[in-house]
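Here is a brief report on one protein chain.

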Amino acid sequence: MATTAQLFEEPFDADEYIERLAWRTPGGGSKGGAEAFDPKRLLEEFENHIEELKQLDEKIQRKVEKLEHQCHREAKEFAHKVQDLQRSNQVAFQHFQELDEHISYVATKVCHLGDQLEGVNTPRQRAVEAQRLMTYFNEFLDGDLRSDVFNNPDKIKEAADIIQKLHLIAQELPFDRFADVKAKIASKYHDLERQLIQEFTAAQRRGEIGRMREVAAVLLHFKGYAHCVDVYIKQCQEGAYLRNDVFEDTAVLCQRVNKQVGEVFSSPETVMAKLIQNIFENKLQAHVREKLDETRHSDVEQYLKNLYDLYTRTTALAAKLTEFNLGSDKHTFLSKLIKSIFCAYLESYIDMELEYLRNRGAMILQRYYVSKNHQKRPIGTGSIQELKERIRLRTNLPLGPIIDTHGETFLSPELVVNLLQETRHAFERCHRLSDPSDLPKNAFSIFLLLVDHLCVEHIDYALEIGLSAIPSSDAKNANLYFLDVVQQANSIFHLFDKQFNDQLMPLISSSPKLAECLHKKKEVIEQMEVKLDTGIDRTLNCMVGQMKHILATEQRKTDFKPEDENNVMIQYTAACSKVCAYVSRQVEHVRKSMDGKNVDTVLTELGVRFHRLIHEHLQQYSYSSMGGMLAICDVAEYRRCAKDFRVPLVLQLFDTLHALCNLLVVAPDNLKQVCSGEQLTNLDRNLLHGFVQLRVDYRSARLGRHFS
């Protein structure tokens, strides 16, 4: 294998290199088996190859030394060249400094010479210009305009420049001596001004932006420049309002004109502002007046909707227009334009809003009560009504005749939705149309109307009717609808509270009116809660009264002291069955009518009264041994019914009552032990004694001794 430098290029593997060398050597590899292997031949090949590698190494080393020597030589030559270039650069830099100084000197001389020439040339130019103007002035003085500049239509631009200067000069001349020439100059001035405006108009119709820009630049120094702008504004609006949507047409027009204005006029922001002002004061104002005046007195609802829609669309249009260059304070400019259009309508807005809401709310309420064929009863006010209210709250007695509502709650979800919907629209209009300083006050006024219509005229009235419809506690087979009133009143008030938080709060959150609104809301809630609590309390009394009536009519004295002790089936009595069925229905009714913690609160109160009634009822009878067992069965059934309350206190009370009933059947010898049991040990001994006294064997078994 020939030894060359290419064999050692990266990546180089020494093991692979040796293997390849041995494989190429005859007798050096594994080819032919162990008999063909010749170690001497392989050793000889390795020694020869090592010699070749040494020769190759010497050859490469000589080449490296040669290259290093050449590199050092070239480095020295390069260093000499760099030194020569540095010296040349220093010389060139010195020459550059000298040239710069010379140029500065010459420039100073030239500037000085230019100042001198300008000092000589400026008076000369002024004199030439004065002479030229005097020549033209003489033509006006003679009454014969001979110069081509005044007679050639193609030189109207030059003529305009001349006549504009002559017009300024003529204004300084005394009138008595130069009245005639001043009149001629003024006539020519106006004639040229008219021609320029006509030329501008024609160019605008042809769409020649370049010509329009030239004429506008000439007219800039004339008094008629403003008229030129007016003509441009009028003409660019021709054919722009072909659709029914004046706001969209205005946005498209301004977008199109904005680019053209920048190409034609030297102060495009002024022209654009004047265009927008013209559109607002003419097109938009006429459109707003037409839409609002036709409904202002005939249809207040449509008027308010139109006012809100027009004002919203106008402010949206103004927001789009802010992207154009209208001067330094474009927001104030646009706000003034909007105010000029809507000022007369916004001043009377809140009065019309409140009047509309007042009438609309009254109509919605009246329509509802008419649909129910109900003549609304006046709710009394003043000291007599307040006195009745206090008596009713303290005695829980119905004052006045009881009204049969036939199950009608006089609360309408549809009516409530209509009132809240109208109020929501009113809040939206109030937010948009009210001045920021008046917004909290106006929103509060709308809120007061909602409170009056929804809370006072509808919910509070329904509560009053509901209270009047609650029968007395001793009524038989009474229908109790007040819980339905409670359910609907709660649902309605949740909607009222949601609108308060979603619609009203954002409008008043950072103003002193917030405290007034919260106070008013709290006052309304407290008044409603008082009537709800009163109605629920009287309803619970009616429930207890109904249970008492069932017990009085169904429970017989022989139930707990049967004549034949041996022929009694151990089960709860018929009275117990009917009471439990009635209680279960009422518990379910309460659950459907209440929500949240109110369910537990009302059921707790009902359960306590239910327990008290049963406790007092059981104490009216005497119990034989078998009668005591029946009483225990009744109480067990009452306790099962009490589980439906899902109130721990009520269940605990009936557990205790069940333990007390065990005293009616326990053997006399075990009585003391039972009284010391876990459920009875903490009870008053007089209570325990009272239950034991109900046993028929109280005297014969001398049970009183256990309590002496």
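## Annotated region

An unreviewed UniProt entry annotates residues 43–77 as "coiled-coil region". UniProt positions follow the numbering used here, feature names are shortened, and annotations may be inferred rather than shown by experiment. In the model, residues 43–77 are 100% helix and 0% strand, and the end C-alpha atoms lie 51 Å apart.

## Basis of the model

This is a predicted model: local features need pLDDT of at least 70, side-chain atom pairs count only at pLDDT 80 or more, and totals for chains, interfaces and linings use all residues. Residues are numbered from 1 along each chain as its sequence is written, and side-chain values use heavy atoms, leaving out hydrogens and water.

## Overall fold

The protein chain has 23 helices and zero strands. These are DSSP runs, numbered from the N terminus: helices are H or I, at least four residues, and strands are E, at least two. Of its 708 residues, 38% count as buried (under 20% relative accessible area; exposed is over 50%, partly exposed in between; 1.4 Å probe, protein chains only).

## Nonpolar core

The largest nonpolar core holds 164 residues. Such a core is a set of buried Ala, Val, Leu, Ile, Met, Phe, Trp, Tyr and Cys residues joined through side-chain atoms within 4.5 Å. F265 and F645 have the most contacts inside the largest core. Helix α15 (residues 439–469) gives the most to this core, with 16 residues.

## Cysteines

The whole structure has zero disulfides (pairs of cysteine sulfur atoms within 2.5 Å). C517 is buried, at 0% relative accessibility. C343 is partly exposed, at 28% relative accessible area.
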